[in-house]
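Reader: Hi! Could you walk me through this model while I have it open? I'd like to start with the strands.

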Amino acid sequence: MPRVVFLLIPQVHLLDVAGPAQVFSTAADLGHEHALSYVSEDTRVATVQGLPLHADSEWPHLEPDDLVIVPGWRGPARTVGADTVDRLREHHAAGGTVAGICAGADALDRAGLLDGRRCTTHHTVQDELARLYPTAKVVRDVLYVEDERVVTSAGVASGIDVALHLLSTRRGPHAASQVARAMVVYARRQGAAPQISAMLRHRSHNDETVHHLQDLIDARFTERLPLSTLADAVGCSERTVTRLFRHATGLTPLAYQTALRLERAEHLLGQGATTETAARESGFGDPRMLRRLRARM
């Protein structure tokens, strides 16, 4: 069972913790199991909102598939101990993913994880991040950015967006869609970054028929899905399905499915899979097709 570890810094924002935690705990409730842990250098952690939190002082054993999230806090940069910095650096070096919500990007940079990488943070402190860490490539006014398993976000509600994105890359877009619906969140906000989940990027519409079609494709994106199957699922003609889908998303159903497959393949390649393995596990029958699509990116 993969683990999601939240590193809590004093004066942490509750929503930066609770939003992503709710995403992964809801995923577990729906059968996409995750073990959640909360660690800090002090077992009692003060929050901006006044509700103290309790955390473990000992880190759990981490595997490459585990995720470490550093929620944001209020005020100036906080002192982070050398052992904590080492934990972040070592987990990433071992193949793990590290995410910073809002000011959490500061802890990632202290671990050297933002050097030469694209990153973002809350719009009120973007200039400060760029000034303090000139080797970081700060992307302004976006919801979140992912660069070589280092994820940063604007914070507050965007922590939910980035958690859904991370869930999608690990458990597939259908899992993220299930969680978004269970949480009753508008999970279709665009992140304006190339790494944003295709599931979220093409959901910025209100056509429930097309959402139903997308749910079906999300759940079975590695399978062959003839247009007739989609049409039967929503009780429309094949021509109507194509027209509605293109009007709502700007894509055909096949192009949408291909985008999901390509995103999944990119994630697998980033985790060290061969092109042949990534093509097979993402639904491309022929690795040559994957190579051609990647060459067009």
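Reader: Which residue in S6 is the bridge partner of Val 70?

Author: That partner is Gly 100. The strands involved are S5 (residues 67-70) and S6 (residues 97-101), which pair in the parallel sense over 4 bridges. To pair, two strands need at least two bridges found by DSSP. Strands here are DSSP runs of E with at least two residues, helices are runs of H or I with at least four, and both are numbered from the N terminus. One caution: this is a predicted model, where local features need pLDDT of at least 70 and side-chain atom pairs pLDDT 80 or more, while totals for chains, interfaces and linings use all residues. Residues are numbered from 1 along each chain as its sequence is written, and side-chain values use heavy atoms, with hydrogens and water left out.

Reader: Thanks! In what order do the 6 strands form the sheet?

Author: The order is S2-S1-S5-S6-S10-S9, in an open sheet with mixed pairing. S2 and S9 (144-147) are the edge strands, each pairing on one side only. From one strand to the next, the twist averages 15°.

Reader: And which strands does helix H1 touch?

Author: H1 (residues 14-29) packs on the sheet and touches S1, S2, S5 and S6 (contact is heavy atoms within 4.5 Å). Its direction makes about 160° with that of S2. Axes are lines fitted to C-alpha atoms, for helices over the stretch in contact, with angles from 0 to 180 degrees between N-to-C directions.

Reader: Switching to rings: how many aromatic pairs are there?

Author: The count is 2. Ring centres of Phe, Tyr or Trp (its six-membered ring) must lie within 6.5 Å; planes under 30 degrees apart are stacked, over 60 edge-to-face, and the rest tilted. One of the pairs is Phe 6 with Tyr 38, stacked at 5.2 Å centre to centre and 15° between the planes. Phe 6 is in S1 (residues 3-7) and Tyr 38 in S2 (residues 35-39), so the pair ties together parts 32 residues apart in sequence.

Reader: Is Phe 6 buried or exposed?

Author: Phe 6 is buried, at 0% relative accessibility, whereas Tyr 38 is partly exposed at 28%. Buried means under 20% relative accessible area, exposed over 50%, and partly exposed in between (1.4 Å probe, protein chains only).

Reader: Last one: how many disulfides does a search find?

Author: It finds 0 in the whole structure, a disulfide being two cysteine sulfur atoms within 2.5 Å. The sulfur of Cys 119 is 12 Å from the closest cysteine sulfur, in Cys 102, so a bond is ruled out by distance.
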